[in-house]
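Here are my notes on this entry. Please read them with the structure open.

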Amino acid sequence: MAPIGTAPRQRSALQLTVLISGTGSNLRAILAAIDAGTCDATVRAVVSDRANAQGLSLASERSIPTAIVKLSDYENRSTWDAALAHTVASFDPDLVVLAGFMKIVGEHMLAAFEGRILNVHPALLPAFPGNDAPAQAIAANVRISGCTVHVVDGGVDTGPIVAQAAVRVLANDDAESLHARIQHAEHTLFPAVIHGIARGAIKLGARVSAASGTPSDERAVLLSPAVAPPNDKVP
Ligand code: GRF
């Protein structure tokens with residue numbers, strides 16, 4: 001398959017396989033943006049590591065194929081990861097979207113979809129990687145946090161940053177209220193990034209870059225310098 005954004009695609013919209021573990025609010029936001037015509041993509045399949053992930057019902061309502069690949073059904077993480085890669089590959093995605101997928105993907109996934117796995121994290125990376133990022137932000141008493149869309153590599157939330165949105169931390173925030181506000185930003189940023197990739201305006205790689213002349217997406221509070229075109233004014 002041709003690298004994303006570097007060659008004319010044979011298919012009309014970017015084909016996504018979305019991986020979820022929980023409520024699927026990001027999946028819902030991506031589907032809503034596709035419906036609204038602001039995200040040139042198709043959710044080809046939804047895969048979960050949990051049979052009871054609430055977000056699976058969103059897929060079922062739309063007759064989007066689903067698959068469950070539970071860690072406990074496999075001997076170890078590596079065999080689970082191989083099965084996950086095999087399952088995801090069966091849907092032939094252009095892009096693999098981790099939308100609240102709570103497991104670290106392993107070498108099989110990374111080899112099968114190198115540079116084509118995106119994750120959304122509820123903090124301004126590299127600050128607060130790993131679990132409980134909003135709680136980490138509250139504990140650190142930061143005044144600004146946010147969300148990051150990044151390419152997945154072999155580390156925990158360490159891959160190349162594609163885009164970020166900033167969110168104010170309010171004096172009376174706890175981890176839950178901050179996370180809710182961050183998720184609101186995720187719901188705008190994630191579909192916007194997917195759309196940018198679909199249009200070839202964002203090219204994924206070791207250093208994420210933006211095609212020149214790309215208009216910035218004003219719905220995002222901030223875009224990372226890697227995404228903003230050189231002459232774009234970041235406030
Ligand atoms: C999001 O906040 C995302 O940043 C994190 O997991 C959460 C998933 O939420 N990785 P949802 O399942 O999309 O509602």
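1. The model is predicted: local features need pLDDT of at least 70, side-chain atom pairs count only at pLDDT 80 or more, and totals for chains, interfaces and linings use all residues. Residues are numbered from 1 along each chain as its sequence is written, and side-chain values use heavy atoms, leaving out hydrogens and water.

2. An open, mixed sheet has 7 strands in the order β3-β2-β1-β4-β5-β6-β7. Strands are DSSP runs of E, at least two residues; helices are runs of H or I, at least four; both are numbered from the N terminus. Two strands pair if DSSP finds at least two bridges between them. β3 (66–68) and β7 (161–168) are the edges, each pairing on one side only.

3. β5 (117–121) and β6 (144–151) pair in the antiparallel sense over 4 bridges. Val120 stands opposite Val149 in β6.

4. There are 4 salt bridges in the structure. The criterion is a Lys or Arg side-chain nitrogen within 4 Å of an Asp or Glu carboxyl oxygen.

5. One of them joins Arg62 to Asp35, with closest N and O atoms 2.6 Å apart. Arg62 sits in the loop between α2 (56–61) and β3, and Asp35 in helix α1 (25–36), so the pair ties together parts 27 residues apart in sequence.

6. Asp49 forms a salt bridge with Lys103, at 2.7 Å between the closest N and O atoms. Both Asp49 and Lys103 are buried (under 20% relative accessible area, 1.4 Å probe, protein chains only). Shared partners join Asp49, Arg50 and Lys103 into one salt-bridge network.

Definitions and conventions:
Buried < 20%, exposed > 50% of the residue type's maximum accessible area, 1.4 Å probe, protein only.
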